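Here's a quick tour of one protein model. Have a look at the structure first, then read on.

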Amino acid sequence: MVDVSRTIETTRSEQLLIAQKHPSLRPLRHHLSLLNAHFAFQSNNAKFSRALLRRLIASFTPSDPPSIVYVAHLALITQLTSTSATSQDTATVAPELQAALSAITALSMFAAQNRHPAIEDLAAVLPRALCLTFNDEEDVKHPKCQESPEAKQPTPEPLMRSYSITARDVHNNASTESQLQSNATAPHLDNVPEAGSPKNASPTQRPKATDALTLSFTAHVLILGTIYHTHAGCARSVEPRLAAFHTLMDSGTLVGGTNADGLVEIPLPGHGLVHLRTTHPRILFLLTFLLSAVAKRDPVGRRPKKRVFAECGVTRYREGREGSVSLNVPLWASWGAVEEIEQRTLRIEADLLCELVAVSIQQSDFDAAENHLATLIAHTRTYDFFPAYAARIALHHAHLAHAVGNTEHAGICYRVAAHLDGAGPVVSDVTLGGGFIAAAARAGEALLRIGLAAAQSPPFAKDALARCSASSSAPLPALGALISAALSRSLIIKSKTLLKHALALLGAAGDNHLRALVLAVVGAQYVYTTPAHAMEVLAVCETLGAGMGAHPNKPKEDEIATVQPLEGSETPTRR
């Protein structure tokens with residue numbers, strides 16, 4: 001039997017030897033070195049592949065065409081980031097990301113030296129994507145990430161000195177944010193407003209350039225900005241970016257046409273072109289629905305936008321899978337490239353199903369939640385990536401069981417979800433493990449135990465609080481404040497301060513679901529001291545609950561109160 005890999009390696013060695021002996025074949029030697037590096041990387045020899053690319057970059061001379069230099073730099077960056085994304089060892093991830101950021105800096109300097117602004121734009125976008133993807137790595141520091149307008153976020157406001165939760169906090173806590181959203185404007189690639197500075201925003205406008213390269217850069221910057229501010233819990237900054245992204249996608253420029261295959265041309269004046277493979281239009285189209293469903297946190301209303309976007313995304317995916325939408329790929333694309341696109345779309349459908357499960361639970365539509373959860377499990381098992389979603393599915397099971405009152409099953413599922421996400425044992429002196437799912441699972445179990453026994457063992461409470469406090473992803477900081485307030489019942493001032501802080505965080509994130517929970521706890525704080533204020537708070541909570549599927553009793557005439565949910569929700573105001 002012929003060893004194909006050994007034959008290819010022998011052939012490449014002979015080709016390189018011939019190219020080195022003949023100076024006229026120097027350009028061919030560069031291409032052969034790139035092929036050698038790609039083959040080594042595909043053969044799981046990443047260290048040797050990166051060494052080849054670094055050696056190739058160091059051997060370039062001013063007479064070499066810039067296009068081959070750019071391709072070599074981009075190949076090195078791709079390999080460094082790909083290895084970091086698949087590595088589970090945090091000790092090796094940070095150095096590789098540092099190396100990738102250094103390679104991006106070298107690419108930017110070479111592009112500036114040769115006056116190729118398109119490559120400079122690419123080098124400006126790449127660090128933002130890396131820093132956003134690996135934002136949990138504290139050792140990764142880079143000037144571009146720190147100077148990026150998208151990376152600037154106001155430091156969390158300290159706990160308010162005034163612990164009293166007034167009617168203004170209850171009714172208008174997020175109304176100000178929502179009003180600013182209507183006045184906020186869509187950012188442009190060259191003029192992205194800083195978070196928390198709506199007065200610096202420019203009027204809504206379409207991208208200045210209509211070429212595919214600029215539009216692709218604009219789309220990806222808007223995606224990164226939307227994800228970042230959704231993660232940070234700043235709904236005011238999400239809305240204009242999402243609106244601009246919808247406008248860009250509705251134009252059809254990025255996803256339409258018979259030649260839409262994900263390739264864009266980077267012009268190099270006097271030196272030809274460089275072809276750059278970006279996100280495939282099919283993936284970008286489905287990603288629009290997923291991004292919108294994730295960014296829309298408010299589940300209040302008969303047809304909340306989160307549900308609408310998720311259902312439409314699943315429908316569009318199934319239409320494409322049935323063959324009504326053609327998949328365009330470059331002529332030289334391999335079967336592996338096509339399979340990668342299919343796998344990405346399959347996972348996007350799984351993410352959309354997760355959003356449907358979540359919003360169904362939030363709206364108390366438990367039958368729909370069970371159906372979507374069964375579909376999600378069947379989908380992930382059919383296409384053989386269930387392990388990647390096992391922790392999230394277990395967390396959905398825990399939330400569903402918690403919502404229907406099956407406390408024993410909920411506790412088991414919370415512990416399973418935390419374990420599958422890599423959380424260690426509940427011991428205060430052990431280094432925390434796991435990510436967002438583990439923190440959410442521990443927080444959910446902590447609230448479950450507090451609700452059942454009105455007490456909590458210190459180790460478990462410390463574990464849940466430590467995980468929520470260590471995460472900057474909304475709504476975990478608010479959950480941490482809520483748990484801490486529930487454990488500080490004897491400290492009234494501290495408890496009210498924490499609840500007010502949680503209410504502010506959830507209002508800024510536009511999360512009416514958890515806001516209703518916090519308002520219920522706030523009402524309990526004032527029921528003995530200020531009954532009228534407690535009833536006002538609970539009326540708002542009741543209205544939000546009604547918008548999420550609850551069926552409150554009809555109020556009596558002497559209990560009528562004016563309530564107002566977050567602006568933008570579809571629940572009518574009760575008077």
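Predicted model: local features only at pLDDT ≥ 70, side-chain atom pairs only at ≥ 80, totals over all residues.

The protein chain is built from 23 helices and two strands.

| Property of the protein chain | Value |
|---|---|
| Buried share of the 575 residues | 47% |
| Accessible surface | about 29000 Å² |
| Share of that surface belonging to carbon and sulfur atoms | 56% |

As for contacts, take those between residues at least 6 apart in sequence: 65% of them join residues at least 24 apart.

Now zoom in on helix 16 (residues 386-404) and helix 17 (residues 407-420). Their axes come within 8 Å and cross at roughly 160°. Angles over 145 degrees count as roughly antiparallel, so that's how helix 16 and helix 17 run relative to each other. The crossing of helix 16 past helix 17 is left-handed. Who does the touching? On the helix 16 side, the contact residues include Ala390, Ala391, Ala394, Leu395 and Ala398, along with His397, His399 and His402. Helix 17 answers with His409, Ala410, Cys413, Tyr414, Val416, Ala417 and Leu420. Sorted by class, this contact has 12 nonpolar and four polar residues, with no charged ones.

Finally, a stop at Asn328, which sits in the loop between helix 13 (305-321) and helix 14 (335-362). Is Asn328 buried, exposed or partly exposed? With a relative accessible area of 24%, Asn328 is partly exposed, because buried means under 20% and exposed over 50%. Asn328 also lies 8.5 Å from Gly262, C-alpha to C-alpha, although 66 residues separate the two in sequence.

How values were computed: Residues numbered from 1 in each chain as written. Heavy atoms only, no water. Axes fitted to C-alpha atoms, helices over the stretch in contact; angles between N-to-C directions. Helix = DSSP H or I, 4+ residues; strand = E, 2+ residues; numbered from the N terminus. Parallel < 35°, antiparallel > 145°, perpendicular 65-115°, else oblique. Left-handed = near helix turned anticlockwise from the far one by under 90°. Contact = heavy atoms within 4.5 Å. Nonpolar A, V, L, I, M, F, W, Y, C, P; charged D, E, K, R; others polar. Buried < 20%, exposed > 50% of the residue type's maximum accessible area, 1.4 Å probe, protein only. Areas by Shrake-Rupley, 256 points an atom, 1.4 Å probe, with all protein chains shown as cover.
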